[in-house]
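Have the sequence and the 3D view open as you read.

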Amino acid sequence: MTRSFEKWRCESRPISLLSRALLGALAMARSSATQSIASDAGGGSSRRTPSPYTTLRERVSCEREIKRSKFIAIASPVHDERSAQSFLLEVQDPRATHNCWAYKLGDQFRCNDDGEPSGTAGKPIYSAIVSSGIDMVMVVVIRYFGGIKLGTGGLVRAYGGVALDCLKSAETRFVKPKAPVGIEVPYDLLGTVYHQLQLFQAEDIKQDYDTGKDDITMVTFRLDYDKIDSLENAINSSCGRKFDFYKQ
């Protein structure tokens, strides 16, 4: 299976100006970015700036019996392919007849029929995810065969139905993705910069004094994408000078 990975860019800056702290922050952002994964059902195009999305607040499950077959849907928020794989390994039952699943990570998705007729399990689960409006989520549907065949249409309705019921009963939360940003700040302006960072509710604020420049520290933080330009203007105005912002 061919896998392609979403590419993330940094603004072009001389590498000597970036501290190890900023490089680390940007590397973490790249590694946690949603991956573009080839799937049985195909995938979407990558996007550069993640949009706000709704995901599950916590794991949820739902059980249905359909013509003596037991279907158990388990849904969970996932952050990337690795967390989706870990979730699948945790909940799948090797004793079950089938462990079918699908996940959606932004524009990227993957689904699997696990031995059911092609297109009768993974795709309906994925369709249920899309219909629910929930993102960054994985649904695993475990089937214990009860002796009565459901047919193609019956399987589609069973897998898609139990997946949708599971997601509709779940509590959700709204998420605004944040971007890693860094600024080289003179020591005497740290207080002013920190004041603006707090006003704009920046998160994971850190300092690295190993910049190779006297009286300069690299301040890194994470901030909502739609607040970056306003923060940049506020800091430049309050400090009376223009700063270079290193951003994803």
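Let's say a residue is buried when its relative accessible area is under 20%, exposed when that area is over 50%, and partly exposed in between, using a 1.4 Å probe and counting protein chains only. By that rule, 48% of the 248 residues in the protein chain are buried. This is a predicted model, in which local features need pLDDT of at least 70 and side-chain atom pairs count only at pLDDT 80 or more, while totals for chains, interfaces and linings use all residues. Residues are numbered from 1 along each chain as its sequence is written, and side-chain values use heavy atoms, with hydrogens and water left out.

**Overall picture**

The protein chain has six helices and 11 strands; these are DSSP runs numbered from the N terminus, with helices (H or I) of at least four residues and strands (E) of at least two. A contact here means heavy atoms within 4.5 Å. Of the contacts in the protein chain with a separation of 6 or more, 73% join residues 24 or more positions apart. As for the surface, the protein chain exposes about 12900 Å², with carbon and sulfur atoms supplying 47% of it; the areas come from the Shrake-Rupley method with a 1.4 Å probe, and for residues only the protein chains shown count as cover.

**The sheet**

Five strands line up as E2-E3-E6-E4-E5 in an open sheet with antiparallel pairing. Two strands count as paired if DSSP finds at least two bridges between them. E2 and E5 are the edge strands, each pairing on one side only.

Here are two of the pairings:

E3 is mostly covered, with seven of its nine residues buried. In the hairpin of E2 and E3, two residues sit between the strands, and Lys67 takes a positive phi near 50°. Helix H2 (residues 81–91) lies across E3, E4, E5 and E6, running at about 25° to E6; axes are lines fitted to C-alpha atoms, for helices over the stretch in contact, and angles run from 0 to 180 degrees between N-to-C directions.

**Two cores**

A nonpolar core is a set of buried Ala, Val, Leu, Ile, Met, Phe, Trp, Tyr and Cys residues joined through side-chain atoms within 4.5 Å. Which residues touch the most other members of the largest nonpolar core? Of its 28 residues, they are Leu56, Ile125, Val139, Val141, Tyr159 and Leu167. The largest share of this core, seven residues, comes from H4. Val141 stands opposite Ala73, and its contacts beyond four places in sequence include Phe71, His98, Cys100, Ile125 and Tyr159.

A second, separate core has 20 residues, including Leu197, Ala202, Ile228 and Phe245.

**Helix H6**

H6 (residues 228–239) has 12 residues and should span 16 Å at 1.5 Å a residue, and its end C-alpha atoms are 16 Å apart, which agrees. The expected span is 1.5 Å times one less than the number of residues. The buried residues of H6 are Ile228, Leu231, Glu232, Ala234, Ile235, Asn236 and Cys239. Among the elements covering them are strand E8 (178–186), helix H5 (190–199), strand E10 (216–224) and strand E11 (245–247). Just after H6, Gly240 takes a positive phi of about 70°.
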